[in-house]
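Me: I've got a structure open on my screen and I'd like to learn how to read it. Can you walk me through it, one feature at a time?

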Amino acid sequence: MKRIKILLSLVLVTSLFTSCYTEVVVDDFANDLNNAPGITVEQLLNSHELWYVDINSTKGFGETPFLQKAFTISFIDGIVYANNNLVGIGSSGNGFGIDVANYNAYNMVLDIDHDLDGFSTFDVFQIDSNTIELYNPDNDTSYFLDGYSRNNFDYDFVFYDNIHYFLQEYEAWEKVYTSEMGALNEFDNENYLQFLAGGNDSTFRSSQDEHGISFNNLVWDYTGIYGIGAITGNLKLKTLTLDYDSFDNDFFELSVIDDRTIELFHPSSETVYEFKGRGYIQYLKTSSSKDKSGVIKKDKKRKSVKNKISNDRTGRER
């Protein structure tokens, strides 16, 4: 009888030790999985050369100024680079843009000390292999960034999809060419155009001052509303409507010749105009200024808007 009890005790003790050993092994395995080293925030930020700021996906009612103006940002060796301008995008800074801030990344937190806007901190979340979320707890707003390499990033698409910002990157546009072909019309008298940024995103001004005057000395004769539209099937051709109360709206087909020259085709008169940008504005800082007419010119700020499609025009043949 004692032998049986001793045998049963040994079996029970062995079973208990085996069970404990099994639980310890399982728990250790689970801990190994949970504590497995993952991608660091620095590695995540460096996983793509360019991060496109998808402004239309922003969630929240706050704003982080330097993200509102940037088309792309990049994180390189503690420095933040940004493409804030469309003029020169793809070539400026070898495609990265300009140096705008310093950063420090740790524990899925990103601290950025912007050259002008100062300090901002973000919680970083990886949405998928190509998308990250930067959440700013100070203003309860999330920005979503899509990752690209410089080789596969479509700089042209960004340029033409945001062309209204391109028009704002010069203090003035001076008319430098008017075609001999075309009927006389009121717009023949307009020699300068200006497209205001910031809070006046849909406001333009025009001047009939003589050619060659410094943009700082221009007298703006008219202030009105303008609109940019897309043309179906042609990314690089846009519509431009200038609302002139005195002689109705003027409608143009807008094309870009180079980073400083635009062409306006006036279908109603069949006249072609060329304008050159004067006074390039590089968006390094958030600022506002008042010109001699008293109009406040604000810094560029991207907004969640899309170009409208113009279905009634297909564009003239080129």
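This is a predicted model: local features need pLDDT of at least 70, side-chain atom pairs count only at pLDDT 80 or more; totals for chains, interfaces and linings use all residues.

Me: What does β2 do on the side of β1?

Reply: Strand β1 (residues 50–53) pairs with β2 (residues 72–76), again in the antiparallel sense, over two bridges. Look for Tyr52, whose bridge partner in β2 is Thr72.

Me: Is β2 largely enclosed or open?

Reply: Four of the five residues of β2 are buried, so the rest of the structure largely encloses this strand.

Me: Zooming out, what do the eight strands close into?

Reply: A barrel, in the order β1-β2-β3-β4-β5-β6-β7-β8, with antiparallel pairing. Ignoring direction, neighbouring strands of this sheet are turned by 35° against each other on average.

Me: Now the inside. Which residues have the most contacts within the largest nonpolar core?

Reply: In soluble globular proteins, nonpolar side chains tend to be buried together. In this model the largest nonpolar core has 35 residues, and Phe166, Leu193 and Leu242 have the most contacts inside it. A second, separate core has 26 residues, including Ile55, Ile73, Ile98 and Ala101.

Me: What is Phe166 in contact with?

Reply: Setting aside neighbours within four places in sequence, Phe166 is in contact with Leu86, Val87, Phe159, Trp173, Val256, Asp258, Asp259 and Ile262.

Me: Phe159 is in that list. How do I read the aromatic pair of Phe159 and Phe166?

Reply: Check the distance between ring centres and the angle between planes. For Phe159 and Phe166 these are 4.9 Å and 50°, which makes the pair tilted. Both residues are buried. They also belong to one aromatic cluster with Tyr160, Tyr170, Trp173 and Tyr280.

Me: How many aromatic pairs does a search of the whole structure find?

Reply: The search finds 20. Another one to look at is Phe187 with Tyr273, an edge-to-face pair at 5.1 Å centre to centre and 75° between the planes. Phe187 lies in the loop between β9 (170–178) and β10 (192–195), and Tyr273 in strand β16 (residues 271–280), so this pair ties together parts that are 86 residues apart in sequence. Phe187 is buried, with a relative accessible area of 0%, and Tyr273 is buried with 0% as well.

Me: Last one: where does pLDDT stay under 50?

Reply: Begin with the overall picture: the mean pLDDT of the protein is 83, and 76% of its residues reach 70 or more. Residues 1–36 stay under 50, and the model gives them zero contacts beyond four places in sequence. Over residues 305–318 the pLDDT is also below 50, but that stretch has 34 contacts in the model beyond near neighbours in sequence.

Terms used
Residues are numbered from 1 along each chain as its sequence is written. Side-chain values use heavy atoms; hydrogens and water are left out. A nonpolar core is a set of buried Ala, Val, Leu, Ile, Met, Phe, Trp, Tyr and Cys residues joined through side-chain atoms within 4.5 Å. Buried means under 20% relative accessible area, exposed over 50%, partly exposed in between (1.4 Å probe, protein chains only). Contact means heavy atoms within 4.5 Å. pLDDT is the predictor's confidence in each residue, from 0 to 100. Two strands pair if DSSP finds at least two bridges between them. Axes are lines fitted to C-alpha atoms, for helices over the stretch in contact, and angles run from 0 to 180 degrees between N-to-C directions. Rings of Phe, Tyr and Trp (its six-membered ring) pair if their centres lie within 6.5 Å; planes under 30 degrees apart count as stacked, over 60 as edge-to-face and the rest as tilted.
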